[in-house]
Amino acid sequence: MTRRRALIEPEAMRFYRALTPTGWASYDSETGASRASTPGEAAVAEEQARPKTKPQEPEA
């Protein structure tokens, strides 16, 4: 018997840090279902977790 991953629609998917093999878990913001993130989802979570840098204006 194989386990199936819960389907979470991309527009409802959110992430949080967790003790999983990828370091991230995904949850559905509409239903509350959660599961360990796949490596691809973890890459998206890492990208979203990076601080946004403001463009630096040149010094006068």
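Me: Which residue of strand 3 is the bridge partner of A25?
Reply: In strand 3, A25 has A36 as its bridge partner. A strand is a DSSP run (E, at least two residues), numbered from the N terminus. The model is predicted: local features need pLDDT of at least 70, side-chain atom pairs count only at pLDDT 80 or more, and totals for chains, interfaces and linings use all residues. Residues are numbered from 1 along each chain as its sequence is written, and side-chain values use heavy atoms, leaving out hydrogens and water.

Me: What makes strand 2 and strand 3 a pair?
Reply: Two strands pair if DSSP finds at least two bridges between them. Strand 2 (residues 24-28) is joined to strand 3 by 3 bridges, so the two strands pair. They run antiparallel.

Me: Why is one side of strand 1 and of strand 3 left without a neighbour in the sheet?
Reply: The open sheet of 3 strands has the order 1-2-3. Strand 1 (13-17) and strand 3 (34-36) stand at its edges with a single partner strand each, so one side of each has no neighbour in the sheet.

Me: Why is Q48 called exposed?
Reply: Exposed means over 50% relative accessible area, buried under 20%, and partly exposed in between (1.4 Å probe, protein chains only). Q48, found in helix 1, has 53%, so the residue is exposed.

Me: How do you know that the buried residues of helix 1 lie on the same side?
Reply: E41, A42 and A45 are the buried residues of helix 1. They cover an arc of only 100° around the axis, which puts them on the same side. The arc is that of the directions from the helix axis to the C-beta atoms.

Definitions and conventions: Helices (H or I, at least four residues) and strands (E, at least two) are DSSP runs, numbered from the N terminus.
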